[in-house]
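Visitor: I have a model open and want to learn how to read it. Where do we start?

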Amino acid sequence: MWIQRTPDEVSQWQKDTEKQARADGLMMGVMIWAVVVVLLSTGWVLIFQVGMGAQSRWGGRLGTGLPIFALLASPVIFIVRHYAEKKALRKAAGRTICPQCGSGGNGNAGATCKCGGTFVVASTMKWVEK
Ligand SMILES: [Zn+2]
């Protein structure tokens with residue numbers, strides 16, 4: 001059955017959720033950063049290859065360009081992480097549950113469930129075996 005969480009458990013839930021959101025946000029930030037670095041480096045090398053027409057001379061510069069672009073693109077991690085974290089927290093906060101039948105919902109706290117129960121914010125409830 002679903003029972004109400006104590007205030008301590010609710011704050012613990014919030015801490016866990018924030019931790020999870022931060023970890024997920026960081027992972028997403030690093031992934032997007034890696035894509036940006038590869039795109040920038042590839043584009044940079046292509047521009048020089050086409051512009052200079054000296055492939056052998058500039059093609060070898062990819063190795064030296066990569067750390068520069070990695071550094072230049074690093075704020076991407078923090079920007080992506082910031083938004084991903086906010087989004088995850090908003091989603092977690094909007095999650096609802098009907099304590100009567102266990103149906104999940106989103107952003108519909110206080111709404112009436114099909115079973116006649118009322119949706120409540122999921123963070124305030126926990127499942128225990130009878
Ligand atoms: Zn229900």
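Guide: We go from confidence to fold, then to the sheet, a helix and the core. Bear in mind that this model is predicted.

Visitor: What is the mean pLDDT of the protein, and where is confidence lowest and highest?

Guide: The mean pLDDT is 88, and 88% of the residues reach 70 or more. Confidence is lowest in helix α2 (residues 55-59), with a mean of 52. Strand β2 (residues 95-97) has the highest, at 95.

Visitor: How many helices and strands does the protein have, and in what pattern?

Guide: There are 4 helices and 5 strands. Along the sequence the pattern reads β-α-α-α-α-β-β-β-β. Look at the contacts too: of those between residues at least 6 apart in sequence, 58% join residues at least 24 apart.

Visitor: How do I read the sheet?

Guide: Strands of a sheet pair through backbone hydrogen bonds, parallel or antiparallel. Here an open sheet of 3 strands has the order β3-β2-β4, and the pairing is antiparallel. β3 (104-106) and β4 (120-121) are at the edges with a single partner strand each, so one side of each has no neighbour in the sheet.

Visitor: How many bridges join β2 to β3?

Guide: 3 bridges join them.

Visitor: Which residues of α4 are buried, and which exposed residues does the face turned away carry?

Guide: The general idea comes from the helix turn. An α-helix has 3.6 residues a turn, so residues three or four places apart point the same way. In α4, Val80, Arg81 and Glu85 are buried. Down the axis of α4, its buried residues fall within an arc of 135°, so they line one face. The face turned away carries the exposed residues Pro75, Ile79, His82, Lys86 and Arg90.

Visitor: Last, the core. Which residues form the largest nonpolar core?

Guide: It has 5 residues: Ile97, Cys98, Phe119, Ala122 and Met125. Of the 130 residues of the protein, 12% count as buried. Take Cys98: leaving aside neighbours within four places in sequence, Cys98 contacts Ser103, Cys113, Cys115, Gly117 and Phe119.

Definitions and conventions. Residues numbered from 1 in each chain as written. Predicted model: local features only at pLDDT ≥ 70, side-chain atom pairs only at ≥ 80, totals over all residues. pLDDT = per-residue confidence, 0-100. Helix = DSSP H or I, 4+ residues; strand = E, 2+ residues; numbered from the N terminus. Core = buried A, V, L, I, M, F, W, Y, C linked by C-beta atoms within 7 Å. Buried ≥ 20, exposed ≤ 12 C-beta atoms within 10 Å, placed from the backbone. Contact = placed C-beta atoms within 7 Å. Pairing = 2+ DSSP bridges. Arc of directions from axis to C-beta.
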